[in-house]
Amino acid sequence: MLSFYLLDTSRRMRPYEAEGKEYHFVSRQTMESLIQKNKLVEFGKFKKCLYGTSLDSVRKLTKMGKTGVLKVEPQASEMLSFCLICIS
């Protein structure tokens with residue numbers, strides 16, 4: 001079964017959004033820390049907010065036996081970086 005990984009973002013949650021449904025909302029400081037510690041599979045910046053797929057999100061779907069799909073929109077990113085990972 002295919003599922004999208006839940007993205008982390010430093011942007012503010014909108015009134016109609018729910019934590020853990022559309023995004024995992026974290027502080028900019030947390031996002032920057034995740035980037036520095038190589039805890040994101042990919043990350044990008046759009047309109048001064050950071051977005052990324054965490055290793056925790058990848059591991060969560062893997063443990064559930066699901067195949068994860070990265071939702072990446074490079075045309076909307078000012079910067080996009082990927083890291084190579086091995087999930088055990």
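This is a predicted model: local features need pLDDT of at least 70, side-chain atom pairs count only at pLDDT 80 or more; totals for chains, interfaces and linings use all residues.

How do the residues of the lining of the second largest pocket divide into nonpolar, polar and charged? The lining holds seven nonpolar, five polar and five charged residues.

**Stop 1: the whole chain**

Display the chain as a cartoon. The chain contains two helices and seven strands. Followed from the N terminus, the elements come in the order β-β-β-α-β-β-α-β-β. The chain has 88 residues, of which 32% are buried. Next, switch to a surface display: the chain exposes about 6,300 Å², and 54% of that area is supplied by carbon and sulfur atoms. Among contacts in the chain with a separation of 6 or more, 49% are between residues 24 or more positions apart.

**Stop 2: the second largest pocket**

Return to the pocket of the opening question. The space in the second largest pocket is about 340 Å³. Its lining consists of 17 residues, and those closest to the centre are Leu-6, Ser-54, Asp-56, Ser-57 and Lys-60. Then colour strand S1 (2-4) and helix H2 (55-63), each of which supplies at least two residues of the lining. Which element gives the most to this lining? The answer is H2, with six residues.

**Stop 3: Ser-3 in strand S1**

Select Ser-3, whose place is in strand S1. Is Ser-3 buried or exposed? Its relative accessible area is 15%, and Ser-3 therefore counts as buried, the limit being under 20%. Now show the partners of Ser-3: with neighbours within four places in sequence left aside, Ser-3 is in contact with Leu-61, Lys-66, Thr-67, Gly-68 and Val-69.

**Stop 4**

Leu-7 is buried, at 11% relative accessibility, and Asp-8 is buried, at 5%.

Select Gly-52 together with Leu-7: these two residues are 45 residues apart along the chain, yet their C-alpha atoms are separated by 5.4 Å. For Asp-8 and Gly-52, 44 residues apart along the chain, the C-alpha separation is 5.3 Å.

The contacts of each residue may then be displayed, not counting residues up to four places away in sequence. Leu-7 touches Tyr-23, His-24, Glu-42, Gly-52, Thr-53 and Lys-71. Asp-8 touches His-24, Met-31, Leu-34, Leu-50, Tyr-51, Gly-52 and Ser-54.

**Stop 5: the largest nonpolar core**

Which residues form the largest nonpolar core? Select Val-26, Met-31, Leu-34, Leu-40, Phe-43 and Leu-50, the six residues of this core. Helix H1 (28-36) and strand S4 (40-46) are the elements that give two or more residues to the core. In soluble globular proteins, nonpolar side chains tend to be buried together.

Apart from residues up to four places away in sequence, Val-26 touches Thr-9, Ser-10 and Met-31.

**Stop 6: Lys-45 in strand S4**

Remain with strand S4 and select Lys-45, which has its place there. Lys-45 has 28% relative accessibility and counts as partly exposed, because this value falls between the 20% limit for buried and the 50% limit for exposed. Draw a distance from Lys-45 to Thr-9: the two residues are 36 residues apart in sequence, and their C-alpha atoms are 9.5 Å apart in space.

**Stop 7: two loop residues**

Asn-38 lies in the loop between H1 and S4, and Lys-47 lies in the loop between S4 and strand S5 (49-54). Are Asn-38 and Lys-47 buried or exposed? Asn-38 is exposed, with a relative accessible area of 56%. Lys-47 is exposed, with a relative accessible area of 63%.

Finally, inspect the backbone at both positions. In Asn-38, phi is near 55°, a positive value in a residue other than glycine. In Lys-47, phi is near 50°, again a positive value in a residue other than glycine.

Key
Residues are numbered from 1 along each chain as its sequence is written. Side-chain values use heavy atoms; hydrogens and water are left out. On a 1 Å grid over the protein atoms alone, a cavity is a set of points where a 1.4 Å probe fits but cannot get out, and a pocket is an open set with protein on both sides within 12 Å along at least five of seven lines; lining residues have an atom within 4 Å of a point. Grid points are joined across faces, edges and corners, and a volume is the space filled by probe spheres set on the points. Helices (H or I, at least four residues) and strands (E, at least two) are DSSP runs, numbered from the N terminus. Ala, Val, Leu, Ile, Met, Phe, Trp, Tyr, Cys and Pro count as nonpolar, Asp, Glu, Lys and Arg as charged, and the others, Gly among them, as polar. A nonpolar core is a set of buried Ala, Val, Leu, Ile, Met, Phe, Trp, Tyr and Cys residues joined through side-chain atoms within 4.5 Å. Buried means under 20% relative accessible area, exposed over 50%, partly exposed in between (1.4 Å probe, protein chains only). Contact means heavy atoms within 4.5 Å. Accessible areas come from the Shrake-Rupley method with a 1.4 Å probe; for residues, only the protein chains shown count as cover.
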